Amino acid sequence: MARMTLSRYLIEEQREKGVITADLKLLIEVVSRACKAISIAIGKGGLGGVLGEAGSDNVQGEAQKKLDVLSNEYLLEANEWGGHLAAMASEEMDLPHTIPHRYPQGEYLLLFDPLDGSSNIDVNISVGTIFSVLKCPEGADLSTPEAAEQAFLQPGTQQVAAGYTVYGPTTLLVLTVGDGVVEFTLDREVGAFVLTRSAMRIPEDTKEFAINMSNRRHWEAPVQRYVEEMQAGKEGPLGKDYNMRWVASMVADVHRIMTRGGIFMYPIDAKTRDKGGKLRLMYEANPMAFLVEQAGGAATTGYRRILDLQPEKLHQRVPVILGSKNEVLRVTGYHG
Ligand code: AHG
Ligand code: MN
Ligand code: MN
């Protein structure tokens, strides 16, 4: 059986299944190329001079790492001239990046978290890139970056594609175009992403949870109750022993859940209540929620399905609970 590269997968999704357009195929290939470049830069580490602080802050007031800035540049440069995009938005940019007039405009909007898990860069732990693709509404005003923000404010149900790359022991690209979830592994010698798993499914039940326990005293009662019940183990109301994992790179935590199940929570808490949560809706929660639902899992804020939320601003934050369906439904149920 011939190796199924990302290019071939996309051609089949376009030509045989009619699931994607030629421009969306191009877009995903371009994103994957930028991710290869990011993967190479990360792989060089200290030898490439890419570790450490950039000496600047992003719009969220977070200190940028050199790799946050570099990854953002790679994605911007790769996607600017292909003619497939109307605009791009990123965690690392205050306002959307509109396509310069010297290039053709396309019909898609691309959002990304160029480097997820920044706190793990300097300690050689897996990081990633997350991306989400929307269609640009017809007649949208893209005349200024300020005006362009409006075009992006669509609920996650409108996503036409989403994915992430994990830069770990291997570099993986996990993708959905609304036709299930597939995983590609980067063949470093050949420089191609090769299909390694298709029709990925998240087991509906799990014994593994991921949450930053240091925030425990700030959580709301439903999450307090759920975590207490899991910790009570076999003797408790859930009747089984649970294990805990927290990588602190959402991509790595979600990828583990994609692989063997689990529940990931960054719930609303007293510390982040004013901001609406910790994780960003449009380029973290929405793409991950789309992938998780496509793999048979669930994703909520505790109160509502993430994909149904109507975004009010580009850098909006939300509480996130996602993963194995039965566990997500249980803790969502505790929220009443
Ligand atoms: P980013 O590096 O893009 O800012 O995202 C970091 C996020 C996410 O990847 C992770 O799940 C979470 O922040 C970790 O938060 P804590 O450091 O509070 O555990
Ligand atoms: Mn992130
Ligand atoms: Mn980031």
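Mentor: Start with the term donor: an N, O or S atom within 2.8 Å of the metal (3.2 Å for Na, K and Ca); water is not among the atoms, so sites may look incomplete. The model is a predicted one, in which local features need pLDDT of at least 70, side-chain atom pairs count only at pLDDT 80 or more, and totals for chains, interfaces and linings use all residues. Residues are numbered from 1 along each chain as its sequence is written, chains are lettered from A and ligands numbered from 1 in the order in which they are written, and side-chain values use heavy atoms, with hydrogens and water left out.

Trainee: Which residues coordinate the manganese ion (ligand 2), and what makes them donors?

Mentor: Asp113 (OD), Asp116 (OD) and Glu284 (OE) do, at 1.8 to 2.1 Å. Those distances are set against the limit of 2.8 Å, so the atoms count as donors. Along the sequence the spacing of these donor residues is D-x2-D-x167-E.

Trainee: What are the protein donors of the manganese ion (ligand 3)?

Mentor: Glu91 (OE), Asp113 (OD) and Leu115 (O) lie 2.2 Å from the manganese ion (ligand 3). Their spacing in sequence is E-x21-D-x1-L.

Trainee: Why can one say that glutamate 91 and aspartate 113 tie parts together?

Mentor: Glutamate 91 is in the loop between β3 (85-90) and β4 (97-98), while aspartate 113 is in strand β5 (residues 108-116), so the pair joins parts that are 22 residues apart in sequence. A strand here is a DSSP run of E with at least two residues, a helix is a run of H or I with at least four, and both are numbered from the N terminus.

Trainee: Which residue bridges the two manganese ions, ligand 2 and ligand 3?

Mentor: Aspartate 113 does, and the ions lie 3.7 Å apart.

Trainee: Why is aspartate 113 called buried?

Mentor: Buried means under 20% relative accessible area, exposed means over 50%, and partly exposed is in between (1.4 Å probe, protein chains only). Aspartate 113 has 0% relative accessibility, so it counts as buried. Aspartate 116, at 5%, therefore counts as buried too. Leucine 291, in helix α7 (residues 281-294), has a relative accessible area of 0% and is buried.

Trainee: How do you know that the buried residues of helix α1 (residues 6-16) line one face?

Mentor: Those buried residues are Leu6, Tyr9, Leu10 and Glu13. Down the axis of α1 they fall within an arc of 95 degrees, so they line one face of the helix. The arc is that of the directions from the helix axis to the C-beta atoms. Exposed residues Arg15 and Glu16 are on the face of α1 turned away from its buried side.

Trainee: What makes β4 and β10 (192-197) edge strands?

Mentor: Two strands pair if DSSP finds at least two bridges between them. The open sheet has 8 strands in the order β4-β3-β5-β6-β7-β8-β9-β10, with mixed pairing. Its edge strands, β4 and β10, each pair on one side only. For β3 and β4 there are 2 bridges, and the strands run antiparallel; at least two are needed, so the two count as paired. In that pairing, methionine 88 stands opposite histidine 97 of β4.

Trainee: Which strands pair with β13 (residues 263-266), and in which sense?

Mentor: Strand β11 (residues 208-211) pairs with β13 in the parallel sense over 3 bridges, and strand β17 (residues 320-323) pairs with β13 in the antiparallel sense over 4 bridges. Alanine 210 has phenylalanine 264 as its bridge partner in β13, and tyrosine 266 has valine 320 as its partner in β17. From β13, Ile263 and Met265 point one way and Phe264 and Tyr266 the other way, and all are buried.

Trainee: What makes a space a cavity and not a pocket?

Mentor: On a 1 Å grid over the protein atoms alone, a cavity is a set of points where a 1.4 Å probe fits but cannot get out, whereas a pocket is an open set with protein on both sides within 12 Å along at least five of seven lines; lining residues have an atom within 4 Å of a point. Grid points are joined across faces, edges and corners, and a volume is the space filled by probe spheres set on the points. The count is 1 cavity of 30 Å³ or more, and the largest pocket has a volume of about 430 Å³. Of the 26 residues that line this pocket, the closest to its centre are Gly117, Ser118, Ala248, Lys278 and Arg280.
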